[in-house]
Amino acid sequence: MRIDLHTHSSVSDGTDDPRTLVRKAAESGLDVVALTDHDTAEGWAGATAVAAEVGITLVLGMEISTRLGAAGVHLLAYLPDPTYAPLAAALDKILEGRNSRVPAICAKLGELGFEITAGDVRRRAAAAAATGRPHVADVMIAAGIVATRDEAFERFLNPGRPAHVNRYAVPLSEAIALVAASGGVGVIAHPWGRGRSGVLTEATLSDLRDQGLVGLEIDHQDHSPEARDALRAIARNLDLVVTGSSDHHGTGKIDHELGCNTTAPEEYERLLDLAAQAAAASGRPAPGVPA
Ligand code: AMP
Ligand code: FE
Ligand code: FE
Ligand code: ZN
């Protein structure tokens, strides 16, 4: 059984629409795929329709933009109820922060002599509920300023680069609580990716586990073999679920092909059991718990 629990569609910064993404997931031989767009459930309906058609199990999820102190942390939420008002309000606030950041990035690029408008980015991100720096990068590629998204991040968009702008993110412990209260479960995405190992230490992860965190995404392209081994030891000590995923973004991210990392079936079963418990404890209907 091949299980990939982290993918993006064009509803956020992936390049395939949700229907195409799910079809490709089935064609690539996956048995289970989670759709985890940034900060939105907008792709769920289309993905659900195609999953039934092509016979793949779809796990409904999202990747929530959170922060721990000043550090950005991505929280994968599986089977949350996005209509739960406090969660919906938090997601709205994040999406609003994403939208208002675009003109600010364009202004900084303008100061550097690159004329890119928020309208250009909005048009480029037409299908996206969650606009992001990757869409700015796509406009920069189309304008011939950079060759790839990667180059746009390295030269302009990453923290410390000249067109970087911060945006709103929910405090991590609040996000974990909101996901749980909505009937879902939270797993930290790529916890030690991009230099975050100093932030998410075992002691911090232990506190987060006590606050309701259920798992860690360990098999991810951002993690070296050494990081994976160290994280696996922590997950064992803290009894956290271990997941592995592609973080596929279509052609938007190289070396993140569907199924390039996968989750063990027994870990997936544990995750579903915990989600069922969270749904029961919340008293809220769990959206589309996979059969
Ligand atoms: P944002 O959502 O605007 O904060 O931008 C962050 C997103 O950009 C992440 O979800 C990544 O998928 C993507 N990203 C970050 N760095 C790169 C890169 N070097 N190349 C391509 N995509 C990237
Ligand atoms: Fe992304
Ligand atoms: Fe992420
Ligand atoms: Zn992701």
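Q: In this predicted model, how do I read the arrangement of the four donor atoms around the zinc ion (ligand 4)?
A: Start from the angles at the metal. Four donors count as tetrahedral if all angles lie between 85 and 135 degrees. Around the zinc ion (ligand 4), the four donor atoms subtend angles of 77 to 168 degrees, so the arrangement is irregular.

Q: Which protein atoms are the donors of that zinc ion (ligand 4)?
A: Look for the side-chain atoms beside the metal. Here they come from His6 (NE2), His8 (NE2), Glu63 (OE) and Asp247 (OD), at 2.1 to 2.3 Å from the zinc ion. Read along the chain, these donors have the spacing H-x1-H-x54-E-x183-D. Histidine 6 sits in the loop between β1 (3-4) and α1 (18-27) while glutamate 63 belongs to strand β3 (residues 57-68), so this pair ties together parts that are 57 residues apart in sequence.

Q: Are histidine 6 and glutamate 63 buried or exposed?
A: Relative accessible area is the number to check, and buried means under 20%. Histidine 6 comes out at 0%, so it is buried. Glutamate 63, with 1%, is buried as well.

Q: How far is the zinc ion (ligand 4) from the iron ion (ligand 2)?
A: For metal pairs, just read the distance between the ions. The zinc ion (ligand 4) and the iron ion (ligand 2) are 4.5 Å apart. The iron ion (ligand 2) is also 5.5 Å from the iron ion (ligand 3).

Q: How many residues surround ligand 1, and which are the closest?
A: Think of a shell of residues around the molecule. For ligand 1 that shell has 15 residues, the closest being His38, Arg101, Arg133, Asp150 and His249. Sorted by class, the shell holds nine charged, four polar and two nonpolar residues.

Q: Which side chains have polar atoms beside ligand 1?
A: Go through the N and O atom pairs one by one. The side chain of histidine 38 has an N or O atom 2.8 Å from an oxygen atom of ligand 1. For arginine 194, a polar side-chain atom lies 3.4 Å from a nitrogen atom of the ligand. Lysine 253 has a polar side-chain atom 3.3 Å from an oxygen atom of ligand 1. Taken alone, ligand 1 exposes 500 Å², and the protein buries 92% of that.

Q: Where is glutamate 53, and is it buried or exposed?
A: Ask for the element, then the accessibility. Glutamate 53 is in helix α2 (residues 44-54). Its relative accessibility is 58%, so it counts as exposed.

Key: Residues are numbered from 1 along each chain as its sequence is written. Chains are lettered from A and ligands numbered from 1 in the order in which they are written. This is a predicted model: local features need pLDDT of at least 70, side-chain atom pairs count only at pLDDT 80 or more; totals for chains, interfaces and linings use all residues. Side-chain values use heavy atoms; hydrogens and water are left out. Donors are N, O and S atoms within 2.8 Å of the metal (3.2 Å for Na, K and Ca); water is not among the atoms, so sites may look incomplete. Four donors count as tetrahedral if all angles lie between 85 and 135 degrees; four count as square planar and six as octahedral if opposite donors are over 155 degrees apart and all others between 65 and 115; anything else is irregular. Helices (H or I, at least four residues) and strands (E, at least two) are DSSP runs, numbered from the N terminus. Buried means under 20% relative accessible area, exposed over 50%, partly exposed in between (1.4 Å probe, protein chains only). A residue is near a molecule or strand if one of its heavy atoms lies within 4 Å of it. A polar contact is a pair of N or O atoms within 3.5 Å; within protein, one must be able to donate a hydrogen and the other to accept it, and residues adjacent in sequence count only if both atoms are side-chain atoms. Accessible areas come from the Shrake-Rupley method with a 1.4 Å probe; for residues, only the protein chains shown count as cover. Ala, Val, Leu, Ile, Met, Phe, Trp, Tyr, Cys and Pro count as nonpolar, Asp, Glu, Lys and Arg as charged, and the others, Gly among them, as polar.
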